[in-house]
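Visitor: I would like to learn how to read the features of a model like this one. Please show me the structure, then take me through it.

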Amino acid sequence: MTKTGIKEKRNPLAGILVSGIFFTVIVLILISCASRISFLTSQVVPAAEGEISVKKDNNNNYSIKMEITNLAAVDRLEPPKDSYVVWMETERGAARNIGRIETSNSLKVTFETVSSFRPTKIFITAEENENALYPGEMVVLTTNRFWE
């Protein structure tokens, strides 16, 4: 009863509907905000494994974080190289050098960066120069395309 003496009718499905909508919104937010992508098996360093997390932030930038295990030191490759370079392919198909990664004695590598461009693919090459403008031929790890 309300103060006016009129009895309110409540829909018994309203609570279920609200809960369902809330759950759906949360799932969509989680799916759209972060993606975890695994690297494909490497032909150059077959033991290397890793994942990338890409998340859009409040400034419409993309936070890119990766963890790689069992990545051999770059000077142990055949032929030896100087640097591992991380590349991001954008929606326009351009490859951008987004940084260098270094291996350690623990064989675990982490890398983080932020880009204003939306990545569609991430890959790592072994290079003679960490400031390479174009990716070389020795692709160490790569992902499939995502977000297409």
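Visitor: Is Glu-128 buried or exposed?

Guide: This is a predicted model, so take each value as computed from it. Burial is read from relative accessible area, and over 50% counts as exposed. Glu-128 has 53%, so Glu-128 is exposed.

Visitor: Which side chain does Glu-128 meet in a salt bridge?

Guide: Start with the general idea. Side chains of opposite charge can pair when their charged atoms come close. Here the partner of Glu-128 is Lys-81, at 3.7 Å from N to O. The two sit in distant parts of the chain, 47 residues apart. Glu-128 is in the loop between strand S7 (119-127) and S8, and Lys-81 is in the loop between S3 and S4. Lys-81 is partly exposed, with a relative accessible area of 22%.

Visitor: How many salt bridges are there by this rule?

Guide: The count comes to 5. Let us take another pair. Glu-89 and Arg-145 meet through their side chains in a salt bridge, with 1.9 Å from N to O. This pair also links distant parts of the chain: Glu-89 belongs to strand S4, Arg-145 to the segment after S8, and 56 residues separate them.

Visitor: Is Glu-89 buried or exposed?

Guide: Apply the cut-off: under 20% is buried. Glu-89 has a relative accessible area of 12%, so Glu-89 is buried.

Visitor: Which residue pairs with Arg-100 in a salt bridge?

Guide: Glu-130 does, at 2.9 Å from N to O. Arg-100 is in strand S5 (residues 95-101), Glu-130 in the loop between S7 and S8, and the two are 30 residues apart. Arg-100 is partly exposed at 34% relative accessible area. Glu-130 is partly exposed too, at 31%.

Visitor: Which residues does a cis peptide bond join?

Guide: Glu-78 and Pro-79, with omega at about 0°. Pro-79 lies in the loop between strand S3 (62-69) and strand S4 (83-90). Lys-81 of the salt bridge with Glu-128 is in the loop between S3 and S4 as well.

Visitor: What is the phi of Asn-60?

Guide: Near 65°, a positive value in a residue other than glycine. Asn-60 is in the loop between strand S2 (49-56) and S3. Its relative accessibility is 49%, so Asn-60 counts as partly exposed.

Visitor: And what is the phi of Asn-70?

Guide: Near 60°, again positive in a residue other than glycine. Asn-70 is placed in the loop between S3 and S4. With a relative accessible area of 35%, Asn-70 is partly exposed.

Visitor: Which residues does Thr-143 touch, not counting residues up to four places away in sequence?

Guide: Contact lists show what packs around a residue. Thr-143 touches Ile-37, Ser-38, Phe-39, Leu-40, Ile-52, Lys-121 and Ile-122.

Visitor: Where is Phe-146, and is Phe-146 buried or exposed?

Guide: Phe-146 is in the segment after S8. Its relative accessible area is 10%, so Phe-146 is buried. Leaving out residues up to four places away in sequence, Phe-146 touches Ile-37, Val-54, Pro-119, Thr-120, Lys-121 and Ile-122.

Visitor: How many helices and strands does the protein have?

Guide: There is 1 helix and there are 8 strands. From the N terminus on, the order is α-β-β-β-β-β-β-β-β.

Visitor: What share of the contacts joins residues 24 or more positions apart?

Guide: Among contacts with a separation of 6 or more, these account for 57%. As for burial, 32% of the 148 residues count as buried. The accessible surface comes to about 10100 Å², and carbon and sulfur atoms hold 52% of that surface.

Definitions and conventions
Residues numbered from 1 in each chain as written. Predicted model: local features only at pLDDT ≥ 70, side-chain atom pairs only at ≥ 80, totals over all residues. Heavy atoms only, no water. Contact = heavy atoms within 4.5 Å. Helix = DSSP H or I, 4+ residues; strand = E, 2+ residues; numbered from the N terminus. Buried < 20%, exposed > 50% of the residue type's maximum accessible area, 1.4 Å probe, protein only. Areas by Shrake-Rupley, 256 points an atom, 1.4 Å probe, with all protein chains shown as cover. Salt bridge = Lys/Arg side-chain N within 4 Å of Asp/Glu carboxyl O.
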